[in-house]
Amino acid sequence: MKEQLRKFITDNFLFGRPSGLSDDDSLQDAGIIDSTGVLELVTYIEETYGIQVLDSELLPENLDSINRLAGFLERKVAASGTGSLAPQPA
Amino acid sequence: MDSVREFCRDDICQVAHLWLRVFHRSAARTAKPLEDYFRQIFFDNPWADEGLPSLVYEEPGRGITGFLGVIPRRMVFNGRRIRVAVASQLMVDGRAGAYPAAQLMRRLFAGPQDLAFSDGANDFSERLWRACGGDVAMLYSLQWTRILRPILYARSLVRARGGWHYALAADALSPVCHALDALLARTGPGSRWLPDCGDCTIVDDPADQGLYAQMRELAAGRRLQPGDDFESFRWLLRRAGEKKMYGDLRRAMVLGPGGEVLGWYLCYVKRGAAAQVLQFGARPRAVQKVLNCLLYRARQEGAVAISGELEPRYTRDLAASRCDFGWAGCAVVAHSRDPELLNAIHRGDAFVSRLEGEWWARFSDRGWVQAEPEGEAPAEAVSRSEAPLPINIP
């Protein structure tokens, strides 16, 4: 899942350029995402993993690094009871 | 914790100061006229709707760091009254990061309105609007311009580049520019294209009631049309009349040779600058005539050019009157859960003028900054536009 998230971030915000981004780097501090990027990222994880991100969850604590994203997704899936993080069929 | 909540009257002072920091980099301590204006536009407007509040983003210990104004409006779609949320003055303190603007936009789109709409979206807010699932109304985002005095128009462009040397050069050349334009109007090829009223009569300052009746009648043929009652329309005209950025608001009705009403216009005119059309409407076979009267009067009053938001049904007439079309700088953006409604906008089947969005508001006027900051303004509060555009995001 982390690799999938990294690929999305690299493809969409870095135009495919390798950035040396570590799993703990802040996407915001690194200048990788702005307000629009946040929304694009949320749309991506909602569509890819079939979850719904609430407004109150739209926080750097949940979304601002690959590790935080992965942890957030795992918590969401656990809370939903589906127990799976498999990408949704397109 | 939910950081987005409804804007209340007690927040006005904080929001006004945020606005000054974001759009003017000003740390002015007093903002009384601006506070009054926020109150008037967002709380004391005639469309007050508790279900469509403006929104603030508040952080513990830091107060309000984000704002998204909502002006509730009423429109009519397919004969049904609908609720419209006109988005205005989106702003976020530069220190607040990327999340407040995203949260504010999501909350707006989740609201109970049938249509969310803005005609003041700069590049950043347009991207944000799209990322949130909204659309850009390409047709209505186009602006038409007709040059009325080519040499003076070129001079105004030079002057607008900023810097004292440009202004000095433009002013020094002013008499020559006037003389050349006068010469062109008499002898050059431009003399053939001077606007003329023909057999029409311009009636200045018609009664509000008359304008309202014309607007209602002409808009009635569109699937999406304004739904203002007369009192709301009058309030809107008064507020639009207070805007001074583009000069004084001229309002006129155009009559045909038999005294029949052919159309009307509302237009800001300032001598030596480009006039800006707030709204104009005409009967289907009289668009050219009304347009000619509008161009004629603007030129007569010293405008060097005239611009307006594209009304798609008038495209052919505007082109025939030698108008150029271009991107306005600010986009018209829309969001609705009803695809039919969006379809009506994209097809140009909507009566949407600058009076329906937020363009008429005078947030972009000069004069809001009363007291200069003591020391440096906060560097993080950055407006990305040279002029104070209505929407600003980090």
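Helix H2 of chain A covers residues 35-49 in this predicted model. Its 15 residues should span 21 Å at 1.5 Å a residue, and the end C-alpha atoms are 21 Å apart, so expectation and model agree.

Much of H2(A) can be listed by burial. The buried residues are A:Ser35, A:Thr36, A:Gly37, A:Val38, A:Leu39, A:Glu40, A:Leu41, A:Val42, A:Ile45 and A:Tyr49. What do they pack against? Within chain A, the partners are helix H1 (2-13), helix H3 (60-63) and helix H4 (66-80). Just after H2(A), A:Gly50 takes a positive phi of about 65°.

**The chain contact**

The contact takes 14 residues from chain A and 17 residues from chain B. On the side of chain B that touches chain A, H3 and H4 of chain B each supply at least two residues.

The table sets out their geometry.

| Pair | Axis separation | Angle | Handedness |
|---|---|---|---|
| H1(B) and H2(B) | within 9 Å | roughly 115° | right-handed |
| H1(A) and H4(A) | 10 Å | about 125° | right-handed |

Take chain B. Helix H1 spans residues 12-24 and helix H2 spans residues 32-42; their axes cross at roughly 115°. That makes H1(B) roughly perpendicular to H2(B). The crossing is right-handed. Which residues of H1(B) and H2(B) meet? H1(B) brings B:Ile12, B:Cys13, B:Val15, B:Ala16, B:Trp19 and B:Leu20. H2(B) brings B:Leu34, B:Glu35, B:Phe38 and B:Arg39. The contact of H1(B) with H2(B) has 8 nonpolar, no polar and 2 charged residues.

Now chain A. H1(A) and H4(A) pack at about 125°. They are therefore oblique to each other. Their crossing is right-handed. From H1(A), the contact uses A:Lys2, A:Leu5 and A:Arg6. From H4(A), it uses A:Ile66, A:Leu69 and A:Ala70. By class, the contact of H1(A) with H4(A) has 4 nonpolar, no polar and 2 charged residues.

**Two residues of chain B**

Where does B:Met75 sit? B:Met75 is found in strand E3, residues 63-77 of chain B. B:Met75 has 23 other C-beta atoms within 10 Å, so B:Met75 is buried. Leaving aside neighbours within four places in sequence, B:Met75 is in contact with B:Ile82, B:Val84, B:Leu115, B:Leu224, B:Gln225, B:Pro226 and B:Gly227. One of these, B:Gln225, is 150 residues from B:Met75 along the chain. The C-alpha atoms of B:Met75 and B:Gln225 are separated by 5.7 Å.

B:Cys330 lies in a loop of chain B, between strand E14 (324-327) and strand E15 (331-335). Is B:Cys330 buried or exposed? B:Cys330 counts as buried because 24 C-beta neighbours lie inside 10 Å. B:Cys330 also pairs in space with a residue from elsewhere in the chain. B:Glu126 is 204 residues away from B:Cys330 in sequence, and their C-alpha atoms are 8.4 Å apart.

Key: Residues are numbered from 1 along each chain as its sequence is written. Chains are lettered from A and ligands numbered from 1 in the order in which they are written. This is a predicted model: local features need pLDDT of at least 70, side-chain atom pairs count only at pLDDT 80 or more; totals for chains, interfaces and linings use all residues. Axes are lines fitted to C-alpha atoms, for helices over the stretch in contact, and angles run from 0 to 180 degrees between N-to-C directions. Helices (H or I, at least four residues) and strands (E, at least two) are DSSP runs, numbered from the N terminus. Angles under 35 degrees count as roughly parallel, over 145 as roughly antiparallel, 65 to 115 as roughly perpendicular and the rest as oblique. A crossing is left-handed if the near helix is turned anticlockwise from the far one by less than a right angle, and right-handed if clockwise. Two residues are in contact if their C-beta atoms, placed from the backbone, lie within 7 Å. Ala, Val, Leu, Ile, Met, Phe, Trp, Tyr, Cys and Pro count as nonpolar, Asp, Glu, Lys and Arg as charged, and the others, Gly among them, as polar. The expected span of a helix is 1.5 Å times one less than its number of residues. A residue is buried if 20 or more other C-beta atoms lie within 10 Å of its own, exposed if 12 or fewer, and partly exposed in between; C-beta atoms are placed from the backbone.
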